[in-house]
Amino acid sequence: MTTSLSLSRRTLFRGAGAALVAGGLGACAPGGSTGNKSLPSSSVTKPPSGEITIWDRTGDLYKVFDKAIASFTAKYPQVKVHHVAVDINAKLPATLISGAGVPDGAFYDDALLTGVAPHLYDLSQLIEQYKSDIAPYKLGVVTVDGKVVAVPWDLDPGLLFYREDVVTQAGVDPAGLTTYDALLGAARTVREKFPKAQPIHLENDQFLAQLWIDMFANQQGGAMVGADGKLTIDSDPYRKALTWLDTVRSEQLGTLAKYTQPTDLQTQDNGTQVFVPWAQWFVFAPQQLLKASKGKWRATALPAWQPGGARAGVMGGSSFVIPAKAKNPELAWRLYEHLVFSKAGYTAVYGPNDVYPGGLNTSIPSYLPALDPNTPLFKPIDAFGGQDLWKVAVEAGKQVPGGYMIPTWWGKAGDYFGVNVQKLLAGQMSPDDVLKTSASQIQKNLMGPS
């Protein structure tokens, strides 16, 4: 198996700014905005038949969806799906601008949705019947200017991953890791036992670090912008997260490394990096990339920022979009409705398959009826000592705070906030400096006069 699923998550945000620049996608862009044509529910009442072209990201995820699409065409043999693997982030924005060769549907990352929203169908009428069964966080992410512009797919809840063997030898009880202060204490205890340890992961990629800190802010009900669209990055949720990270840095309790790059994998394998608060998709590393520590990792809920606070947040996620210039949007909706909202569909996506024999375990569905902790869609993971990760992830996913907003300029903010965070992790900026400087830069360069 290739590492493409993990790599796609990592590389997305390095190119996010370029993707958004390439697809400025406002009403004045070449090809014109469609003003979000509505796809009414009355348009999808006939038995499905015809042909559609669907784009998915190259790699393992394409293979997973290819198998899942077969469950749709088996149910509706009058439908032919042309399933194409493409570099979505590079190709979709430009295609939406030109209007040439537009697919009927495409997989797309939530962080980039707002940048292409004017060129997508308004799916509000079709989604209405499912709204109460969609995770509130996810429904908010796919809603732009009051319109649902994507079919919500996955949740990527944050979890705390840890080396069980090292933690046990240090005398730390994982059940006590209920707050970030407790996690700091555990890191100090681990270092006392193992002086070479720098136990907590510190992300060294500017875009992934931005996504990571957004997870910490989401835990506290925060986001880069508020419901009114005004910038809220210089706020308590971000200040609390950055202050904690600065403490980890100043006490030398952290390993500064880029996710899944050699330093990251080496320190996780040799036991000097012990705690990784990260999205569920971290599970790919122990399964496919780590060697010496395979089987020694475990997962639990994220710590809370204050006692009794939320122990869940989201880091990443993707959905399905239907371009406003699609030739057969009704049929694309029927496919996505099957994959996301039917038991046969989401079981085909997440259940055991040729690509992931134990099931797709790097995320969970955002469709709440699929999240039964006692009815796992994927199996316990050997690389986690046989732990039932499904139950841990589902419990976290159901607690993710809603109300999170992703601004159109999110990807480009990495050139400011993401860069400044790296300066903090290098001891060159304080938390307040990062927030005030980033807010000023983003307001001036990305948002315009307030």
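The model is predicted. The chain holds 18 helices and 14 strands.

**The chain as a whole**

- Along the principal axes, the C-alpha atoms fill a box of roughly 65 × 50 × 35 Å.
- Of the 450 residues in the chain, 59% are buried.
- If you count contacts between residues at least 6 apart in sequence, 78% of them join residues at least 24 apart.

**The five-stranded open sheet**

- Reading across this sheet, the strand order is β2-β1-β3-β13-β6, with mixed pairing.
- The edges are β2 (79-86) and β6 (151-152), each of which pairs on one side only.
- Strands β1 (residues 50-57) and β3 (residues 105-109) run parallel and are joined by two bridges.
- To find your way between these two strands, look for Trp-55, which stands opposite Ala-106 in β3.
- Helix α3 (residues 60-75) lies across β1, β2, β3 and β13 (318-321), and it runs at about 175 degrees to β2.
- Helix α14 (residues 329-341) lies across β1, β2, β3, β6 and β13, running at about 55 degrees to β1.

**Helices α11 and α17**

- Two packed helices are described by the angle between their axes and the distance between the axes.
- For α11 (residues 236-250) and α17 (residues 417-425), the angle is about 35 degrees and the axes are 9 Å apart.
- On the α11 side, the contact uses Tyr-238, Leu-242, Leu-245, Asp-246 and Arg-249, which meet Phe-417, Val-421, Leu-424 and Leu-425 in α17.
- These contact residues divide into seven nonpolar, two charged and no polar.
- Is α17 mostly covered or mostly exposed? Helix α17 is mostly covered, with seven of its nine residues buried.
- The buried residues of α17 are Phe-417, Gly-418, Asn-420, Val-421, Gln-422, Leu-424 and Leu-425.
- Their cover includes β9 (200-203), α10 (206-219), α11, β10 (254-257) and α18 (431-447).
- Just after α17 comes Gly-427, with a positive phi of about 80 degrees.

- Six of the six residues in β8 (residues 158-163) are buried.
- In a regular strand the side chains alternate between the two faces of the sheet.
- In β8, Gly-158, Leu-160 and Tyr-162 point one way, while Leu-159, Phe-161 and Arg-163 point the other way, and all are buried.
- Strand β8 pairs with β11 (residues 275-279) in the antiparallel sense over five bridges, and Tyr-162 has Phe-275 as its bridge partner in β11.
- Strand β8 also pairs with β12 (residues 297-301), antiparallel and over five bridges; here Phe-161 stands opposite Ala-299.

**Pro-369 in its loop**

- Where does Pro-369 sit? You will find Pro-369 in the loop between β14 (364-365) and α16 (389-397).
- Pro-369 counts as partly exposed because its relative accessible area is 42%, a value between the 20% and 50% cut-offs.
- Leaving aside residues up to four places away in sequence, Pro-369 touches Asp-133 and Tyr-346.
- Pro-369 and Leu-61 are 308 residues apart along the chain, and their C-alpha atoms are separated by 23 Å.

Notes
Residues are numbered from 1 along each chain as its sequence is written. This is a predicted model: local features need pLDDT of at least 70, side-chain atom pairs count only at pLDDT 80 or more; totals for chains, interfaces and linings use all residues. Side-chain values use heavy atoms; hydrogens and water are left out. Two strands pair if DSSP finds at least two bridges between them. Helices (H or I, at least four residues) and strands (E, at least two) are DSSP runs, numbered from the N terminus. Contact means heavy atoms within 4.5 Å. Axes are lines fitted to C-alpha atoms, for helices over the stretch in contact, and angles run from 0 to 180 degrees between N-to-C directions. Ala, Val, Leu, Ile, Met, Phe, Trp, Tyr, Cys and Pro count as nonpolar, Asp, Glu, Lys and Arg as charged, and the others, Gly among them, as polar. Buried means under 20% relative accessible area, exposed over 50%, partly exposed in between (1.4 Å probe, protein chains only).
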